[in-house]
Amino acid sequence: MSLLTELRYPSVTEIVASARALAAQRPWLCSLEQVGVSRAGRPLHLLSLGHAERAVLVVAGAHANEPTGGSTLLALAERVLYERKLRADTSWHFLLCADPDGASLHVTPAPRTLFDYHLGFFRPAGPEQPEWSPSVLPPDRLPPETRALTRVIDELRPYLQATLHGTDLGGSWVQLTKAVPGLAEPFAKSAAELHIPVETGASDAAGWPASGPGVHVMPEPGSDAPYPSIPDDVRHSTWYHAHRYGGLTAVVEVPMWASDLVDDPAPHPAPDAAMRHLARRLLRDSLQVEGVLTEALPRLPGPDGPLLRATKWALELVPGLAGDWAHHPPADTTMAYVGSVDAFGRRLPLRAAAMLLRVLQKADDRAAPHLEHLVASWSEAFAERFRARWVPLEHQVEHQSRTVVAAAHHARERAE
C-alpha cells in the first residue's frame, strides 16, 4: 500500500513516520538516521535506500512555504524501493526536511485559495534559510541545518543533488548548477502531459543560459548579476557544494497554482516601460506594509521572532530591487519574463504583509483587520491577474518525481 495515502501536504512528523515505515519494510536495504538538529533542537533525518557508492541526494523542505517537496520525496522513495533498476548501481538518499523549524511555522493544510495559503505563510529571512545562508553569512555563523546538509554532501559525494522547490503561482522550471544534456525533453513532456505550464522566463533565473524551455543553467563565476542590489550569490549556496566532488545540483520547481501566462516567449511590446511600472508598484505596495509595521511596532513585544525578522528582511530587499528593475536593462524582454517579474513584484510585499499579519493577530493588535483586508485583496488580485488554476497535488508530485528521475539518468550519462 502506498505510504502517500492522502494527497495533501504532510507534516514533518508524518513524513518521518512514513519514512520509518518504509525503512522497516526492507531493513537490509533501507535505513533512517538522524544527521543533525535544528536551531530549536528538532531532528534532521536522512532516509537511505541502497548501498552503492554512486549516490543521488534528494533534499526536501529547504523553504518552508514550498510544501510539495515532502510529498514528492515520499513518492520518490517508494518508487526507488519498488523499481529495482533505479537502485541497480545507485544509492538514493533523502533529507526529509532541511528546515524543520521553518516547517513548524508555515501552515499549509489544503489551501483552497491564495488567501488561505497566505494566512499561514512563513518563509525565513535569507540568512536563516539552510541552502541560502552560505551566500550571505561567513562560515562560522552558518546555522546547524546548513552544516548538517553540507556534512551529508561531504559523506555521500552525490553525482546529483536534487532539491525540491516550488512556487505558489506560475509554472514549472529547473535550475541547474551544470548543464545536463537531454533533460529538457522529458521535463517538457511531463509538464505537457500533466497540464503544467513551463515557466520559460523565470525571474529567479534572469539572464541565465537555457538548455531548453524552462531548463536554466546557472552562469559561470564572474558573470554579471541581473539584479545588482541582491546581496547574495547563488554560487555560494549549498547547491554548489556537490561540485567539489564532481557533482551538480538540480533545483526542481513546481507550482501549486498554475498560470498559462508564464510560458509566452513572444517579445514584450514595451519591456522597459513595463519594468518601470512594476518597480513603482513594488515600492507602493511595500510602503503600505511598512506603514502598518511602523505604526504597530511600538505596541509589539520584543525581541523580534522569526516572522517579524522575515517581514523586515523582505521589505529591506524592495528599494534596491525596484531600482534594479527601473534603471537597468531587462535581463529578458519576453512576455514570459515580464510576467514572472510581475508575479514576483506582487509576491514580495504580499508575503511580508502575510507574515506581519500573523504577528499582529497573535498580539491582538488593532492594525490586524486592516492588514488582513490588504492580504485578502492582494491575494485575489494576484490570482485574477494570472488566471490561477489549482494543480492537483498528485500532478505536482508526479511531475517533480519524473523530473528528478530524468535528471538522475541524464546526469549520470554526463558523468560517465
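**Exercise 1. A buried arginine**

Which backbone oxygen lies 3.2 Å from a polar atom of the side chain of Arg358? Work out the surroundings of Arg358 too.

*Solution.* Before starting, note that this is a predicted model, where local features need pLDDT of at least 70, side-chain atom pairs count only at pLDDT 80 or more, and totals for chains, interfaces and linings use all residues. Residues are numbered from 1 along each chain as its sequence is written, and side-chain values use heavy atoms, with hydrogens and water left out.

Step 1. Find the residue: Arg358 sits in helix 9, residues 335-362. Helices (H or I, at least four residues) and strands (E, at least two) are DSSP runs, numbered from the N terminus.

Step 2. The oxygen we want belongs to the backbone of Gly120. The backbone oxygen of Leu105 also lies 2.6 Å from a polar atom of the Arg358 side chain.

Step 3. Look for a charged partner. Arg358 is buried but has no salt bridge, and the nearest side chain of opposite charge, Asp99, is 12 Å away. Buried means under 20% relative accessible area, exposed over 50%, and partly exposed in between (1.4 Å probe, protein chains only). A salt bridge needs a side-chain nitrogen of Lys or Arg within 4 Å of a carboxyl oxygen of Asp or Glu. For charge, Lys and Arg count as positive and Asp and Glu as negative, while His and the chain ends are not counted.

Step 4. List the neighbours. Leaving aside those within four places in sequence, the contacts of Arg358 (heavy atoms within 4.5 Å) include Leu119, Phe121, Phe122 and Leu307.

**Exercise 2. A buried aspartate**

*Solution.* Step 1. Asp99 is in the loop between strand 4 (91-95) and helix 3 (100-105).

Step 1. Beyond four places in sequence, Asp99 is in contact with residues including Arg39, Pro124 and Glu145.

**Exercise 3. Salt bridges**

How many salt bridges does the structure hold? Then describe two of them.

*Solution.* Step 1. The structure holds 20 salt bridges.

Step 1. Take Arg346 and Asp342, whose closest N and O atoms are 2.9 Å apart. They are separated by about one helical turn, because they are four residues apart in helix 9. Both Arg346 and Asp342 are buried. They also belong to a network of salt bridges that links Arg281, Asp342, Arg346 and Arg385.

Step 2. Now take Arg366 and Glu295, whose side chains meet in a salt bridge at 3.4 Å, N to O. This pair links distant parts of the chain: Arg366 is in the loop between helix 9 and helix 10, and Glu295 is in helix 7, 71 residues apart. Arg366 is exposed because its relative accessible area is 63%. Glu295 has 37% relative accessibility, so Glu295 counts as partly exposed.

**Exercise 4. The nonpolar cores**

Which residues touch the most other members of the largest nonpolar core?

*Solution.* Step 1. Learn the rule: a nonpolar core is a set of buried Ala, Val, Leu, Ile, Met, Phe, Trp, Tyr and Cys residues joined through side-chain atoms within 4.5 Å.

Step 1. Of the 56 residues in the largest core, Trp325, Leu356, Leu360 and Leu371 touch the most other members. Elements giving two or more residues to this core include strand 9 (248-258), helix 7 (271-296) and helix 8 (306-327). Helix 9 gives the largest share, 14 residues.

Step 2. Zoom in on Leu371: leaving aside neighbours within four places in sequence, Leu371 is in contact with Val292, Ala353, Leu356, Leu357 and Leu360. Apart from this core lies another, of 45 residues, among them Leu96 and Leu183.

**Exercise 5. The whole protein**

Why does the radius of gyration of the protein agree with a compact globule?

*Solution.* Step 1. The radius of gyration is taken over C-alpha atoms, and the globule rule is 2.2 Å times the number of residues to the power 0.38.

Step 1. For 416 residues, a compact globule would have a value near 22 Å; the protein has 21 Å, so the two agree.

Step 2. Complete the picture: the protein has 11 helices and 10 strands, and buried residues make up 58% of its 416 residues. The C-alpha trace spans about 60 × 50 × 40 Å along its principal axes.

Definitions and conventions:
Polar contact = N/O pair within 3.5 Å; in protein donor to acceptor, adjacent residues only side chain to side chain.
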